[in-house]
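Please look over the sequence and the model shown here before reading on. The report after them is meant for someone meeting this structure for the first time.

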Amino acid sequence: MRKRLQEEEKTFRTAVQMEEADVTLAELAPNLSGPYEMLCTAMKDGRELSSNIEPEVFGYICSIYITGNDVVVIATMEKVTGNLIASYQRYLYSKLEAYRMVDMVAFVHPSQIGAVGCGTGTQRTENIAKRLATAKPGQVFMLPYNSGDHWTLTVVDPDNDTVYFMDPVRRRIPCGDWAKIVKDAMVMANTARKRNVRSSMIPKNLAGMPFQPSDKECGYYVMGYMREIIEDKDMSRFVTKWDKRGSCKYTREYLDEVRNEWADFAVKKYVKEL
């Protein structure tokens, strides 16, 4: 089982790299400072960085890899990769620990659910169902989903059979493959948890979320959504806040905070473990 998961993660890393950055790490390095400079130094000669991730984070033991292209992408604010999303989730898990929220919020690894390089629809359904079956009372799950060229966040509330779709371009509630996978996973998880199963999940599209201004920010916005939800420290406010607040965009300063948090954590988690 673990070998299959590792193979899925390797395929996912290759498939969801997005386009390669226009510049190389070596070309960019002289213009970087702080944690980005430290990452460049640690990754010279094409070296990848990896870190073992505790089973509590995603529900199983795994490794997350960072490539030179990942560093270039986030330093230049190009489209984020699955590596960046997953490693930022690990950073956010440390915030959950600090806020004593690990029983309130849990994560699903993007390599388990994405449309590209993540297995068949049946495998992806089973991956989600297995994770949801571990739900503690009142716990919600954050699922960063990549459709192939676009990131969205799905928040699943298993106890209330409710799914919240958070799309940075504010599309309607998704239909088709992804919606069916989530619905079927919830039915399977409810069966495993011996709960009465609803005839269908309750889908909700949260209209008050910040929306991306162009075609490159979707991954950063998904990272920002997860960060903001956790920083509120009160899940009882989640639906009201994200459904009712007026239209807005994240400032560049806010997204820079997200990027710098990732870089600082990457140095601590990847470079200092060498």
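What follows describes the confidence of the model, then its sheet, and then the packing of its helices.

This is a predicted model, in which local features need pLDDT of at least 70 and side-chain atom pairs count only at pLDDT 80 or more, while totals for chains, interfaces and linings use all residues. Residues are numbered from 1 along each chain as its sequence is written, and side-chain values use heavy atoms, with hydrogens and water left out.

The predictor's confidence in each residue is given as pLDDT, from 0 to 100. The protein averages a pLDDT of 87, and 87% of the residues score at least 70. Helices (H or I, at least four residues) and strands (E, at least two) are DSSP runs, numbered from the N terminus. Among these elements, helix α1 (residues 2-15) has the lowest mean pLDDT, 47, whereas β3 has the highest, 98.

Where pLDDT is low, the predicted coordinates should not be read in detail.

Five strands form an open sheet of mixed pairing, in the order β3-β4-β5-β6-β7, where two strands pair if DSSP finds at least two bridges between them. Because β3 (105-107) and β7 (202-205) stand at the edges with a single partner strand each, one side of each is left without a neighbour in the sheet. From one strand to the next, the twist averages 25°. Strand β4 (residues 140-146) pairs with strand β5 (residues 151-157) in the antiparallel sense over six bridges, and the bridge partner of Pro 144 is Leu 153 in β5.

Two helices lie across β3, β4 and β5: helix α6 (residues 82-98) runs at about 155° to β3, and helix α7 (residues 121-132) runs at about 160° to β4. Axes are lines fitted to C-alpha atoms, for helices over the stretch in contact, and angles run from 0 to 180 degrees between N-to-C directions.

Helix α3 (residues 34-42) packs with helix α5 (residues 68-76) at an angle of about 160°, their axes lying 10 Å apart. That angle makes α3 roughly antiparallel to α5, a description used for angles over 145 degrees. Where these helices meet, Tyr 36, Leu 39 and Cys 40 in α3 contact Val 71, Ile 74 and Ala 75 in α5.

How values were computed. Angles under 35 degrees count as roughly parallel, over 145 as roughly antiparallel, 65 to 115 as roughly perpendicular and the rest as oblique. Contact means heavy atoms within 4.5 Å.
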